[in-house]
Amino acid sequence: MKGPQPWRRFLFLALFVSFFFYSASVYTSGTALNEGPVASDAALRGQTLFRENNCWACHQIYGLGGYMGPDLTNVINNPDLGPEYARMFIEVGTDRMPDFQLSDSEIDDLIAYLEYVGAAGNYNPKKGKVTWYGTVEYER
Ligand code: HEC
């Protein structure tokens with residue numbers, strides 16, 4: 001009775017070694033977190049204002065919220081819109097959006113919050129393109 005053929009041992013060793021390196025990479029780089037941007041104090045105050053004034057009743061962030069007004073996720077980092085554009089709406093309102101009588105510094109905080117939201121993600125995901133290796137990339 002012979003032992004296993006040498007090529008089988010080699011195959012087993014090759015599988016074992018690749019499994020070892022694969023596991024090592026999954027448990028180190030594979031589980032690294034994408035930390036994302038850090039919210040400044042102004043952005044955190046803006047988030048509170050956004051909640052207190054119920055902006056969510058009419059607006060969405062990352063696609064979630066009310067649907068009377070547009071999604072605000074990328075209103076600041078969209079080159080066609082931007083902070084001055086957003087400020088205009090918040091300062092005076094429109095016939096459908098109320099004027100909240102906010103102070104300049106409160107509006108600054110809201111803009112900081114919206115800027116943070118835009119730096120952390122994108123909406124509308126449908127505008128992303130799927131790359132050949134399967135992830136989605138967005139135009140900024
Ligand atoms: C009663 C509903 C309502 C509430 C509440 C509301 N908005 Fe709006 N907002 C709108 C509508 C509707 C528009 C679109 C302009 C229009 O049609 O008048 C708009 C437009 C905007 C825009 C411009 C967005 C774009 O892409 O054109 C910004 C920025 C904005 N709102 C910020 C805010 C913030 C910040 C709050 C909370 C302080 C808020 N809104 C609360 C209804 C609302």
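## Salt bridges

The count comes to three salt bridges. Each one is a side-chain nitrogen of Lys or Arg within 4 Å of a carboxyl oxygen of Asp or Glu. This is a predicted model: local features need pLDDT of at least 70, side-chain atom pairs count only at pLDDT 80 or more, and totals for chains, interfaces and linings use all residues. Residues are numbered from 1 along each chain as its sequence is written, and side-chain values use heavy atoms, with hydrogens and water left out.

## The D109 pair

D109 forms a salt bridge with R45, with the closest N and O atoms 2.9 Å apart. D109 lies in helix α4 and R45 in helix α2, so the pair ties together parts 64 residues apart in sequence. Helices here are DSSP runs of H or I, at least four residues, numbered from the N terminus. D109 is buried, at 9% relative accessible area. R45 is partly exposed, at 46%. Buried means under 20% relative accessible area, exposed over 50%, and partly exposed in between (1.4 Å probe, protein chains only).

## The R87 network

R87, E91 and D108 are linked in a network of salt bridges. R87 pairs with D108, the closest N and O atoms being 2.3 Å apart. R87 lies in helix α3 and D108 in helix α4, so this pair ties together parts 21 residues apart in sequence.

R87 also pairs with E91, at 3.8 Å between the closest N and O atoms. E91 and R87 are four residues apart in helix α3, about one helical turn. R87 is buried, with a relative accessible area of 16%. E91 is partly exposed at 35%, and D108 is partly exposed at 40%.

Terms used
Helices (H or I, at least four residues) and strands (E, at least two) are DSSP runs, numbered from the N terminus.
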